[in-house]
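Work through the following exercises with the sequence and the coordinates at hand, and check each step of the solutions against them.

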Amino acid sequence: MRRLIKAEIYKLFKGKTFKILCAVATLLAILVISASSIMTEEQFMDSLGDIPQEQKIQQAEAFIKSSQEAALVTPGKLGLNTNGAENPFDINPIEVFHTSFGVGIVEILISLLVASMFAKEYSQRTIKNTLAYGKKREAFYIAKLIAIVVGIAIIVAIMVLIPTIVTTFTKGWISNFEFAHIVEVLRTYLGAMILYTAIASILMLVVVLAKSSGATIGISVALFIFVPTFLAFSYGQYDWFDNLYELTIFYNTALVTAIKSTSTDIIKAVSVGIATLLMSGILGITIFKRQDIK
């Protein structure tokens with residue numbers, strides 16, 4: 001098992017896709033750094049045009065208030081999310097850290113990594129050669145998942161830590177950084193990684209069923225972009241639907257990284273992630289073990 005894991009991690013670091021995804025993560029980090037300093041309150045008021053100064057101030061105050069009072073999670077909202085920031089015109093490094101995760105962005109990066117690490121084995125027919133050496137299928141499957149999670153951990157670290165560190169120094173916030181902030185960063189990152197591991201497990205199940213890189217990426221886009229957007233239209237209309245939606249991986253991935261998420265929120269999200277990981281993992285391994293691989 002250990003040798004299988006080492007072999008898969010070696011494939012991860014040697015693969016072009018992983019290197020490209022790291023480069024993409026770096027570009028996203030730079031984008032977050034730029035976005036955190038582009039829109040100041042003065043620039044916002046200038047963008048309002050030739051209305052009285054008093055109205056500009058009122059609109060700026062209303063924008064700040066809407067951010068402070070925004071819902072913890074806005075179902076269907078994708079991309080960088082500053083909901084909960086005390087001042088969206090001057091978000092602090094901890095808020096930058098939460099924003100950097102980007103709802104829907106990491107999921108697509110995960111789908112590309114899973115497609116290159118696992119689905120590609122089907123299309124290139126190398127999976128049968130590996131299994132022909134007498135490797136247990138469940139060991140092969142788990143080794144793949146572990147290697148993919150290692151890749152995800154590195155990619156996500158690049159995305160969220162670079163903006164956090166850079167803005168901490170550029171905004172002169174280093175003296176305000178406390179031990180509690182380090183704890184918050186660690187609990188959020190680890191919580192998010194459990195949810196991302198569950199997503200990787202779901203996508204590996206998709207690979208086992210679809211046996212195609214293209215189909216895996218297409219299904220991933222539909223599953224993590226279009227489905228949450230579609231379901232969001234019904235959120236808030238029925239209590240029973242809201243309760244069910246809040247138990248899904250879609251909601252809890254956003255919850256675990258939200259700016260104002262509490263320890264209770266993270267525990268809830270992690271619980272959903274673990275349950276999803278176990279169910280998708282067991283189902284994926286069961287199907288994979290019974291599959292006729294040619």
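Predicted model: local features only at pLDDT ≥ 70, side-chain atom pairs only at ≥ 80, totals over all residues.

**Exercise 1: the salt bridges of Glu8**

Find the salt-bridge partners of Glu8, and decide whether Glu8 is buried or exposed.

Solution. Begin with Lys11, whose side chain meets that of Glu8 at 3.5 Å, N to O; both residues lie in helix 1 (residues 2-14), three residues apart, or about one turn of the helix. Next, the side chain of Lys144 meets that of Glu8 at 2.8 Å, N to O. Because Glu8 lies in helix 1 and Lys144 in helix 8, this pair ties together parts that are 136 residues apart in sequence. For burial, the cut-off is under 20% relative accessible area: Glu8, at 1%, is buried, and Lys144, also at 1%, is buried, whereas Lys11, at 36%, is partly exposed.

**Exercise 2: the remaining pair**

Locate Lys268 and Glu246, whose side chains meet in a salt bridge.

Solution. The N to O distance is 3.9 Å, and the pair links distant parts of the chain, with Lys268 in helix 13 and Glu246 in the loop between helix 11 and helix 12, 22 residues apart. Lys268 is partly exposed at 31%, while Glu246 counts as buried at 19%.

Conventions
Residues numbered from 1 in each chain as written. Heavy atoms only, no water. Salt bridge = Lys/Arg side-chain N within 4 Å of Asp/Glu carboxyl O. Helix = DSSP H or I, 4+ residues; strand = E, 2+ residues; numbered from the N terminus. Buried < 20%, exposed > 50% of the residue type's maximum accessible area, 1.4 Å probe, protein only.
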